Amino acid sequence: MGKTKHSGPMKLDTRLKPSLWVSPAPLGLGKVKPHHIWDTLKAVYDNRDNLPYAYRILTQGVCDGCALGVSGLRDRTLTGPHLCTTRLNVLRLNTMPAIEPRWLEDVSKLREMDSAELRKLGRIPYPMIRRKGENRFTRLTWDEALERIAAKIRSIDPKQLAMYWTARGITNEVYYTASKVARFLGTNNIDNASRICHSPSKTALKRSLGISASSCSYKDWIGTDVLVFWGSVAANNQPVSTKYMYAAKKAGTRIIVVNPYREPAMENYWIPSIPESALFGTKIVDEFVQVHIGGDIALMNGVMKYWFELEKDRPGSAIDRKYVHEHTTGYEELRKHAASLSWPALEKSSGLTRQQIGEFAQTLASAQTGVFVWSMGLTQHRFGTDNVSQIANLAMLRGFIGRERCGLMPIRGHSGVQGAGEMGAEPMSLPGGGPIDEESRDRFGKLWGFPIPAWSGDIVGLSLENALLPDGHERRTRVFYTSGGNFLETMPKPEFIRSCLERMELRVHQDIILNTSTLADAREEVIVLPAMTRYEQPGGGTSTSTERMVYYSPEIEGPRIGEARAEWDILVDLAGRVKPEHKAKIAFRSVQHIREEIAEAVLYYDGIQRLSKAGDVFQWGGVWLCEDGISPTPDGKGRLLPIQLPELRKPEGHLYVTTRRGKQFNSMVYSRIDPFNAARRDDVLLHASDAGELGIAEGEAIVVYNRNGTMYGRAKFAEIKPGNVEVFWPEGNVLFPVGVYEPHAGIPEYNGAVIIEKAETFFAFKDTRYAERRIAELEIGTE
């Protein structure tokens, strides 16, 4: 933990700088760009029935969008107001009225709608049930619903119960209660959305530096020599961050993006809250380093190999020897590993030439300060933990740890997720993030007054798959309790996931809206429970930002959904019904009571119990973790780890494929057109040279397929690394394998290899086994 405290927001430099302008033409005329003014007017129109309430949410509540930590319209990074269209898009979820009961009479009609259409129907009005074979939801009282759920849970082995918690504006208090309730009910099968996105970040940072969160703050972006985004499109996923990038550019920071696709959102952006940028746009990125999908480890090994070669002739020219000597272990092993790798192997895996790798390495070596930011472009690989440990290696070799304008930042895409793991809502740790070992079980057993299950819980992907185990198997998932989450639109191979959902005996969907997963059948019944939003939760709630700021978000006065309840309150009530003889051990009187217990359970969250009004905030761990190079490891040192090149499985005739986001928030799509490149949701981004070899014209109908599934779309030429293609998520999830998880952190694989053909060629063959035969033929000669 660091000792230096955050100094608060800094003043934004608003002096005109025409050299950063995208174009002298005002408002991006003639450019493909977001239309912020139109989007704002649309948000006003969508919330027209509750405008005063919407305004209070925006000006008093903590943003339930990304994890930058905007409280009201302010944050702790820059002075001035901050507002983005992502937050405006999400706003309607909080202000819409209840769904009209007539829609609940015919599930077959609801199934004709996509999630966007279901979302617009309104909030879940009251507890409901749909039994096997029924085509309608039937209203229940809260007592009836919770008694049915409790009776079912009592009838099964705790290993047959699984719980999942989405990132949907959920507060720390709810995550903590969920973690405690799961163990009270005897299960460790509890998981959350953050683990599906950033579990490799936590795992890698823990093993490399002994930390499990961002080591720095957003202010460190501003004025650092180099700011590198690895597989992260912050301008699209965390739009307010463009304001930080603007400030960084004004302070002389060089911004680099490592990504297969030359993301237009990162190249040019019109920042609506800065008049100069709103009018003329801002050139964000100085350099794109375009690697193959999965080529980051090779690039970083190449950078280190280049540095070690420089060090032979000029010691200290590339590596911070003082930092490495005093604050790390494993230097010699890492040096030998880099030396053993051949340049041809590094070039082939990364997709870059030795010269290109060297130029990037020299840029980093010349920088005195640097911040490395990454997201799911690095984590959602079967080698995601190794990707992040490589970033930690680079930062330690340059001494970019524990000081001003330096650090490692796994940037979070949702305001609720940073706190999820810290509150213990995951299968492998308890509150505080410690492992479920004997010491932790003993500590929490004494704190909570009941024993903690000693067996290993399953990640949510396995819990879903376990529903297909034979009847009578002790790990077959029979009851699945999920708060939010739409697995049909977030997990690979959706139809397989549907079969898992429908094999469960009871599914409980605690949510604010319906989605396509809610409508899947169950072997016995589906029960739906109406939840409150964070702005409705009595006593307010807290959330933790990417930079470890814990913000208090107050309850906002406004209309309420009559039977919706606070999520923590639903859990406590249910747990007491399952084990009425022990209900006193799980009871909470209020959210303040929960915060007081969090402060006792998670020592570095001491201070959360004092947050009570709008604007209250504290940053756990200080402004920098590992301050002065001291890591919270047994020996106080970071570990330099040799990372092997991964096997990139691309058989002959295939291209690498990965996913990207458009105008959406998580799986909630808000436009069929990407505002940054005008792509449609079924467009497949590929390089013109690849299309030429395949005889495909731009806009032509194509089929993308592999052993996992088939996607129909259209070719859209883009500045993407040749040999690579990108598809939109979740539309492209049919192309990714089921049951393939990163070995250290359990994240699903969202990358693969595909064949692309003209649709007319594909459909000219009437044999339905054509695709399988083509794949088998091409895999005869693999690389």
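Reader: At what angle do helix 1 and helix 3 pack, and how many Å apart are their axes?
Author: In this predicted model, helix 1, residues 36-46, packs against helix 3, residues 85-95, at about 15 degrees, and the axes lie 9 Å apart.

Reader: Why is helix 1 called roughly parallel to helix 3?
Author: Angles under 35 degrees count as roughly parallel. The angle here is about 15 degrees, so helix 1 is roughly parallel to helix 3.

Reader: What is the handedness of the crossing of helix 1 and helix 3?
Author: Helix 1 and helix 3 cross in a left-handed sense.

Reader: Which residues of helix 1 and helix 3 meet?
Author: Helix 1 contributes His36, Asp39, Thr40, Ala43 and Asp46, and helix 3 contributes Thr85, Leu88 and Arg92. By class, the contact holds 2 nonpolar, 3 polar and 3 charged residues.

Reader: How many disulfides does the count come to?
Author: The count is 0 disulfides.

Reader: What makes Cys406 a cysteine in no disulfide?
Author: A disulfide needs two cysteine sulfur atoms within 2.5 Å. For Cys406 the nearest cysteine sulfur belongs to Cys216 and is 8.6 Å away, so Cys406 is in no disulfide.

Reader: And what of Cys500?
Author: Against that cut-off of 2.5 Å, the nearest cysteine sulfur to Cys500, that of Cys197, is 19 Å away; therefore Cys500 is in no disulfide.

Reader: Why does Cys406 count as buried?
Author: Buried means under 20% relative accessible area. Cys406 has 0% relative accessibility, so it counts as buried.

Reader: Is Cys500 buried or exposed?
Author: Cys500 counts as buried, because its relative accessibility is 0%.

Terms used. Residues numbered from 1 in each chain as written. Predicted model: local features only at pLDDT ≥ 70, side-chain atom pairs only at ≥ 80, totals over all residues. Heavy atoms only, no water. Axes fitted to C-alpha atoms, helices over the stretch in contact; angles between N-to-C directions. Helix = DSSP H or I, 4+ residues; strand = E, 2+ residues; numbered from the N terminus. Parallel < 35°, antiparallel > 145°, perpendicular 65-115°, else oblique. Left-handed = near helix turned anticlockwise from the far one by under 90°. Contact = heavy atoms within 4.5 Å. Nonpolar A, V, L, I, M, F, W, Y, C, P; charged D, E, K, R; others polar. Buried < 20%, exposed > 50% of the residue type's maximum accessible area, 1.4 Å probe, protein only.
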